[in-house]
Amino acid sequence: MSTTTMSNKTKVTVEPGRQDLTAVREFDAPRELVFKAFTDPKIIVKWLSPKRLKMKILKFEPKAGGSYRYAHADENGNEFVFRGVTHELKAPELIIQTFEFEGMPGHVALETTRFESLPNNRTRLVNLTVFQTVQDRDGMVQSGMEGGMTEAYEKLDEWLVDNKE
């Protein structure tokens, strides 16, 4: 992994008493490539999971009105399945979709992910996730969401370094 990649950090902001959290991460790659990594199933399976888990796509329709469903599996074969519906997809700048852990049905969050171009062919990703309640948000944070997100973005960093054109 390159030195510049190691300097990119995920900043997650969780304010007490609020139903949302914001994650910000910069990548040393052009916006179009970072966006593609979020919308191409062959790429997304390489990075969208914590390092100890393997990802398997069950359904993936990256378009407005499309849906997705994927599973993360641990070394013992335990699966953690997530699903959602894409409400808006505007390449290469915006994805709005729902997110739900099937292990806790009914706790649906709304994610807005923006991809901002930065100088020197870099990208800032800003993800705002709004939960139905403060308790839902706090439960997701306590389950390790921040660590999982950070590990996934580190894997994405590695993929981007190896696949810049």
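Predicted model: local features only at pLDDT ≥ 70, side-chain atom pairs only at ≥ 80, totals over all residues.
User: How do the axes of H2 and H5 cross, and what distance do they come within?

Analyst: Helix H2 covers residues 31–39 and helix H5 covers residues 145–163; their axes come within 11 Å and cross at roughly 120°. The two helices are therefore oblique to each other.

User: Is that crossing left-handed or right-handed?

Analyst: The crossing of H2 and H5 is right-handed.

User: Which residues meet there?

Analyst: From H2, the residues are Leu33, Val34, Ala37 and Phe38, and they meet Tyr153, Leu156, Trp159, Leu160 and Asn163 of H5. Eight of the residues in this contact are nonpolar, one is polar and none is charged.

User: Is H2 mostly covered or mostly uncovered?

Analyst: H2 is mostly covered, with seven of its nine residues buried. The buried residues are Arg31, Leu33, Val34, Phe35, Ala37, Phe38 and Thr39.

User: How many residues are in the largest nonpolar core, and which have the most contacts inside it?

Analyst: That core has 32 residues, and Phe38, Trp47, Leu156 and Leu160 have the most contacts inside it. Elements giving two or more residues to the core include strand E2 (20–27), H2, helix H3 (41–47) and H5. H5 provides the largest share, seven residues.

User: What does Leu156 touch, leaving out residues up to four places away in sequence?

Analyst: With those left out, Leu156 touches Phe27, Ala37, Phe38 and Trp47.

User: Changing topic: where is Val45, and what does it contact beyond four places in sequence?

Analyst: Val45 is in helix H3. Beyond its sequence neighbours within four places, Val45 is in contact with Met55 and Ile57. Its C-alpha atom is separated by 10.0 Å from that of Ala71, 26 residues apart along the chain.

User: Why does Val45 count as partly exposed?

Analyst: Val45 counts as partly exposed because its relative accessibility is 30%, and that class lies between the buried limit of under 20% and the exposed limit of over 50%.

User: Now the backbone. Is the peptide bond from Ala91 to Pro92 cis or trans?

Analyst: The bond from Ala91 to Pro92 is cis, with omega near -10°. Pro92 lies in the loop between strand E5 (79–90) and E6.

User: And what is phi for Asn120 and for Asn121?

Analyst: Phi of Asn120 is near 65°, and Asn121 has a positive phi of about 60°. Most residues other than glycine have a negative phi. Asn120 is in the loop between E7 and strand E8 (122–130), and Asn121 lies in the loop between E7 and E8.

User: Are they buried or exposed?

Analyst: Asn120 is exposed, at 72% relative accessible area; Asn121 is exposed, at 54%.

Methods. Residues numbered from 1 in each chain as written. Heavy atoms only, no water. Axes fitted to C-alpha atoms, helices over the stretch in contact; angles between N-to-C directions. Helix = DSSP H or I, 4+ residues; strand = E, 2+ residues; numbered from the N terminus. Parallel < 35°, antiparallel > 145°, perpendicular 65-115°, else oblique. Left-handed = near helix turned anticlockwise from the far one by under 90°. Contact = heavy atoms within 4.5 Å. Nonpolar A, V, L, I, M, F, W, Y, C, P; charged D, E, K, R; others polar. Core = buried A, V, L, I, M, F, W, Y, C linked by side-chain atoms within 4.5 Å. Buried < 20%, exposed > 50% of the residue type's maximum accessible area, 1.4 Å probe, protein only.
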